Each structure stands twice: as structure tokens, then as C-alpha cells.
Amino acid sequence: MRLLLLALVLFLGGCGGGGESERPNEPATLLLDFTPNAVHSGIYVATDRGFDTAEGVQLEIRKPGASTDALKLLQSGAADMAILDIHDLGLAREKGRDLVGVMAFVQSPLAAVLAQPGIRTPRDLEGERAGVSGLPSDVAVLNSVVKGAGGDPARVKQVTIGFEAVKALLAKRVAAATAFWNVEGVALKAQRPGMREFRVDDYGAPSYPELVLTVTRQTLDEKPAVVKATIRALQRGYSEVQDDPESAVSTMTEREPDLDRAALSAQLDAVAPEFTAGADEFGQLRPAVLRAWAAWDLKFGILHKPLDVRHAFDTTLVEKPSKND
């Protein structure tokens, strides 16, 4: 009987993501990069179904406000982890902030140039007005897409429109605008079929991971078990999303009643393949891809000096999920 009890204890101890030493049993805050959308579906599923507590971390999802500064919240300790655009991570490190990317949410760029139906190729933007938000990455995306199509970026009339790409395009104030194809692109196509979508990785950019789970070096050094537990929980959450997307949509709309179910479902249909595109598992950060991205950012002026990719990212934390997950 004692042997049977011991075997049962060992068996139960081996189930789940990590061993007891890897279970921090601590709370942690995760700051979103944007208002809740389909990219965040796996986070909501992981917390709704208790994957976070099962892995030993109690995740609190925090939504950004109009004045939210993710970098300040990370560095002050007000947020343990944050989703950052990969370009923002590179720029932060260029300014001396010791932040580390530890997991990818998507394996492809979400940036694109959205254009009026009459713009058949990005070359047609020569002499036309194209809207940008004002972020350095937007200008790089526009220039890369136009140049990749054989056009001259210098001949495009860039105008700053903030984050109003959909409104500006629907009002025909611009011929094109930079935006995320997984949110603004989906919304635009729903309102005006026939609009063009030129994704940056179709015009010369590498397939870099647009959104990255980011922590400070201090958090990674002092709370590695929390970071690893979060990654395991999110892997389980995004796996569920891919297996049952409709259930994931229901989970999000129940938690965020202001979300439109049809729009969220369309977003998820569009972005779900990018969760693992080209990767061995969800969340993987691939060194060769990161080096290609850093070189592209440098070439198009987002970064002003070469980035030390080995220090900017920890590519060892994402492990292959166990068969019991």
C-alpha cells in the first residue's frame, strides 16, 4: 500500500507544467499593448480556465489607458510583464533600458499599408498622400513596402494622421495609411470591401515577431520561475485557442462585454495562423529571425545602431509543451 501511495504521489507531482521548484505560486501583472483584441485571446483563455494558477502564477491582465507608458510601468515594477511591439523593445534598449523579450505572441509582422481600391500596387502611391501615425516604425513600414514594390518612397507624400487610419481611409483623406492588418485591416475590409492590404513582409521585410512578451532584466534574474510559469500558461491558452477558436471568442466577449463578437471572430480568423507560423511551438523566439529583424530595423532607420540580439532576447525560456498539457 505504501508503495502504491508513493507511486501516486510521484505521478501527481509529474503532472502539469513544471515541477514544484518551478512553481512560484505568486501573483503577476501582465500589461496588454492595446485594447483587447484577438491577439490577446490566449491570455484570456489561460486565465479563464485556470492554466495560470495550475502553473503556479496568478495573472492579472491590465489594459493600457490613453496615457499608459508600458516602459515606465515595467521599470518601476508596477507591471511584471508587458506586451511590447518589437520595434519599441529595440528602441528602449537603444536608450539604455535593460529590457528582455522572452516570448513571441505572433511569428509574423502585423504591420501593413492599407490602401484605396485604386492603388493596385504600392508603386501607385508615388505622388499620393499616405498617412502615418508618427511612430518611426510606421515610416519604415511605408518606405519598405513602396521600395519593395519598385517605387520611390521619397515621392510619397507622408502626412501624420495619428491612429486614425480607418477613419482617414473611409473619408478618402489619404490614398493609403500604415496600420495593423489584424485589427484595422479587418475593420476596414468589413466596412469597405475591395480595400487593398500590402503586408510589410510581402515587400522585403523579414517575418519578424511583431509582439513580444517583455520583462526587465531584474525581473528575469529575480523571478525566473514567474516568467517561465507565465510562458507555460500562455502556451496552454493559445493551444486551446487554435483548437477551439469559437470558445475563445466566447471567453473574451464574456470578460470584455464591449467587444463585438463578429469583429473579434473575424480578427481571430485572420491572425490565428500567425501564432505559430514557421515556429516549432507557440512563443518561440528564433535567433536567426531576430537578427534579420534587427538588420531590417537598422536599414530603414528605426534603430540607429546595431542591436545586440543576444542580450535583447532570451530565446531559451520557451520549451516544448509536454504531452500531458
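The buried residues of helix α11 in this predicted model pack against α2, α10 and α12. Those residues are A248, V249, T251, M252 and T253. Two of the partner helices, α2 and α12, are described in turn below.

Helix α2 spans residues 41–48, and α11 spans residues 245–255. Their axes come within 9 Å and cross at roughly 80 degrees. The range for a roughly perpendicular pair is 65 to 115 degrees, and α2 and α11 are therefore roughly perpendicular to each other. On the α2 side, the contact is made by S41, Y44, V45, T47 and D48. On the α11 side, A248, T251, M252 and R255 take part. By class, this contact of α2 with α11 holds four nonpolar, three polar and two charged residues.

S41 belongs to helix α2. Its relative accessibility is 1%, so S41 counts as buried. Leaving aside residues up to four places away in sequence, S41 touches Y238, V241, M252, L268 and F275. M252 is among the buried residues of α11, and L268 is among those of α12.

The axes of α11 and α12 come within 10 Å and cross at roughly 135 degrees. This angle makes α11 oblique to α12. The crossing is right-handed. From α11, the contact draws on P245, E246, A248, V249, S250, M252 and T253. From α12, R261, L264, S265 and L268 contribute. By class, the contact of α11 with α12 comprises six nonpolar, three polar and two charged residues.

Helix α12 covers residues 261–271. Its buried residues are L264, S265, Q267, L268 and V271. Seen down the axis of α12, these buried residues fall within an arc of 160 degrees, so they line one face of the helix. An α-helix has 3.6 residues a turn, so residues three or four places apart point the same way. On the other side of α12, A262 and D269 are exposed. The buried residues of α12 pack against α2, α8, α10 and α11. Helix α10, one of these partners, runs over residues 224–243.

Helix α8, residues 181–191, packs with α12 at an angle of about 125 degrees, their axes 9 Å apart. That angle makes α8 oblique to α12. The crossing of α8 past α12 is right-handed. W181, N182, V183 and V186 form the α8 side of the contact. A266, Q267, A270 and V271 form the α12 side. By class, the contact of α8 with α12 has six nonpolar and two polar residues, and no charged ones. Two of the α12 residues in this contact, Q267 and V271, are listed among the buried residues of that helix.

In α8 itself, W181, N182, V183, E184, G185, V186 and L188 are buried. The cover over these buried residues includes β5, α7, β8, β9 and α12. Among these elements, β5 spans residues 111–115 and β9 spans residues 196–199. The contact residues that α8 presents to α12, namely W181, N182, V183 and V186, are among its buried residues.

Most residues other than glycine have a negative phi. N25, which is not a glycine, has a positive phi of about 50 degrees. N25 is found in the loop between α1, residues 2–14, and β1, residues 26–31. At 45% relative accessibility, N25 counts as partly exposed. K172 is likewise a residue other than glycine with a positive phi, near 60 degrees. Its place is in the loop between α7, residues 165–170, and β8, residues 176–180. At 60% relative accessibility, K172 counts as exposed. Both α7 and β8 are among the elements that cover the buried residues of α8.

Terms used. Residues are numbered from 1 along each chain as its sequence is written. This is a predicted model: local features need pLDDT of at least 70, side-chain atom pairs count only at pLDDT 80 or more; totals for chains, interfaces and linings use all residues. Side-chain values use heavy atoms; hydrogens and water are left out. Axes are lines fitted to C-alpha atoms, for helices over the stretch in contact, and angles run from 0 to 180 degrees between N-to-C directions. Helices (H or I, at least four residues) and strands (E, at least two) are DSSP runs, numbered from the N terminus. Angles under 35 degrees count as roughly parallel, over 145 as roughly antiparallel, 65 to 115 as roughly perpendicular and the rest as oblique. A crossing is left-handed if the near helix is turned anticlockwise from the far one by less than a right angle, and right-handed if clockwise. Contact means heavy atoms within 4.5 Å. Ala, Val, Leu, Ile, Met, Phe, Trp, Tyr, Cys and Pro count as nonpolar, Asp, Glu, Lys and Arg as charged, and the others, Gly among them, as polar. Buried means under 20% relative accessible area, exposed over 50%, partly exposed in between (1.4 Å probe, protein chains only). The arc is that of the directions from the helix axis to the C-beta atoms.
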